[in-house]
Amino acid sequence: MEAVVFVFSLLDCCALIFLSVYFIITLSDLECDYINARSCCSKLNKWVIPELVGHTLVTVLMLISLHWFIFLLNLPVAAWNIYRYIMVPSGNMGVFDPTEIHNRGQLKSHMKEAMIKLGFHLLCFFMYLYSMKS
């Protein structure tokens, strides 16, 4: 049973790594003016809920399977994703809003967040890989 938990977590982590890379590439395209803000935000907002569900699912799975260290490691990122989704102001397009993405350095903060998540998911990938072996 434990191997199944870590195989699923590994596959989910791979999907989250690809999603983080997609966020970074799309935000870089916006930064270089290859795409407009509305197109960028609609592309990214489409993947916010799948990212939220994927990460929350692994966090809950680690809680159910009693892997406390991995659960506690994943909990802040899952909580941040939920908080970010819940705190979207009314009237905004979503977490990524085209009218606000260039204001107040939001583009840089979104890019930094995507880079941090990429690093976190890479760390988790190798941790799940090692745990699967044990």
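At 12% relative accessibility, Arg84 counts as buried, because buried means under 20% relative accessible area. Arg84 sits in helix H4, which covers residues 68-86. Keep in mind that this is a predicted model.

What does the side chain of Arg84 make a polar contact with? Its partner is the side chain of Glu113, at 2.8 Å. Arg84 has other neighbours too. Leaving out residues up to four places away in sequence, Arg84 touches Glu51, Val95, Phe96, Glu113 and Lys117.

### The whole chain

The chain has five helices and zero strands. Read along the sequence, the pattern is α-α-α-α-α. Taken along the principal axes, the C-alpha atoms fill a box of roughly 45 × 30 × 20 Å.

The chain has 134 residues, and buried residues make up 44% of them. Contacts also say something about the fold. Take the contacts between residues at least 6 apart in sequence: 76% of these join residues at least 24 apart.

### How H1 and H2 meet

Helix H1 runs over residues 2-31, and helix H2 over residues 37-45. Their axes come within 9 Å and cross at roughly 170°. How are the two helices oriented to each other, roughly parallel or roughly antiparallel? Angles over 145 degrees count as roughly antiparallel. H1 and H2 are therefore roughly antiparallel to each other.

Which residues meet? From H1 come Tyr22, Phe23, Thr26, Leu27 and Leu30. From H2 come Ala37, Cys40, Lys43 and Leu44. By class, this contact has seven nonpolar, one polar and one charged residues.

### Two loop residues with positive phi

Between H1 and H2 there is a loop, and Asp33 is in it. Asp33 has a positive phi of about 65°, although it is not a glycine. Is Asp33 buried or exposed? Its relative accessibility is 63%, so Asp33 counts as exposed.

Leu66 lies in another loop, the one between helix H3 (48-64) and H4. Phi of Leu66 is near 65°, again a positive value in a residue other than glycine. At 54% relative accessibility, Leu66 counts as exposed.

Asn45 belongs to helix H2. Its relative accessibility is 18%, so Asn45 counts as buried. A polar atom of the Asn45 side chain lies 3.2 Å from the backbone nitrogen of Val95. Which residues does Asn45 touch, not counting residues up to four places away in sequence? They are Met93, Gly94, Val95 and Phe96.

Helix H5 covers residues 106-133, and Tyr130 lies in it. Tyr130 is exposed, with a relative accessible area of 55%. Tyr130 and Phe6 are 124 residues apart in sequence. In space, their C-alpha atoms are 9.3 Å apart.

Is Met127 buried or exposed? Met127 is buried, with a relative accessible area of 17%. Not counting residues up to four places away in sequence, Met127 touches Phe69, Ile70 and Leu73. Met127 and Ala79 are 48 residues apart along the chain, and their C-alpha atoms are separated by 20 Å.

Here are the residues met so far, with their accessibility.

| Residue | Relative accessibility | Class |
|---|---|---|
| Arg84 | 12% | buried |
| Met127 | 17% | buried |
| Asn45 | 18% | buried |
| Leu66 | 54% | exposed |
| Tyr130 | 55% | exposed |
| Asp33 | 63% | exposed |

An unreviewed UniProt entry carries the annotation "transmembrane region" for residues 5-25, 57-83 and 114-131. Two of these spans can be described in the model. Residues 5-25 are 100% helix and 0% strand. The end C-alpha atoms of this span lie 30 Å apart. Residues 57-83 are 89% helix and 0% strand. Here the end C-alpha atoms lie 16 Å apart. Leu66 lies in the loop between H3 and H4.

Key. Residues are numbered from 1 along each chain as its sequence is written. This is a predicted model: local features need pLDDT of at least 70, side-chain atom pairs count only at pLDDT 80 or more; totals for chains, interfaces and linings use all residues. Side-chain values use heavy atoms; hydrogens and water are left out. Axes are lines fitted to C-alpha atoms, for helices over the stretch in contact, and angles run from 0 to 180 degrees between N-to-C directions. Helices (H or I, at least four residues) and strands (E, at least two) are DSSP runs, numbered from the N terminus. Angles under 35 degrees count as roughly parallel, over 145 as roughly antiparallel, 65 to 115 as roughly perpendicular and the rest as oblique. Contact means heavy atoms within 4.5 Å. Ala, Val, Leu, Ile, Met, Phe, Trp, Tyr, Cys and Pro count as nonpolar, Asp, Glu, Lys and Arg as charged, and the others, Gly among them, as polar. Buried means under 20% relative accessible area, exposed over 50%, partly exposed in between (1.4 Å probe, protein chains only). A polar contact is a pair of N or O atoms within 3.5 Å; within protein, one must be able to donate a hydrogen and the other to accept it, and residues adjacent in sequence count only if both atoms are side-chain atoms. UniProt positions are given in the numbering used here, feature names are shortened, and annotations may be inferred rather than shown by experiment.
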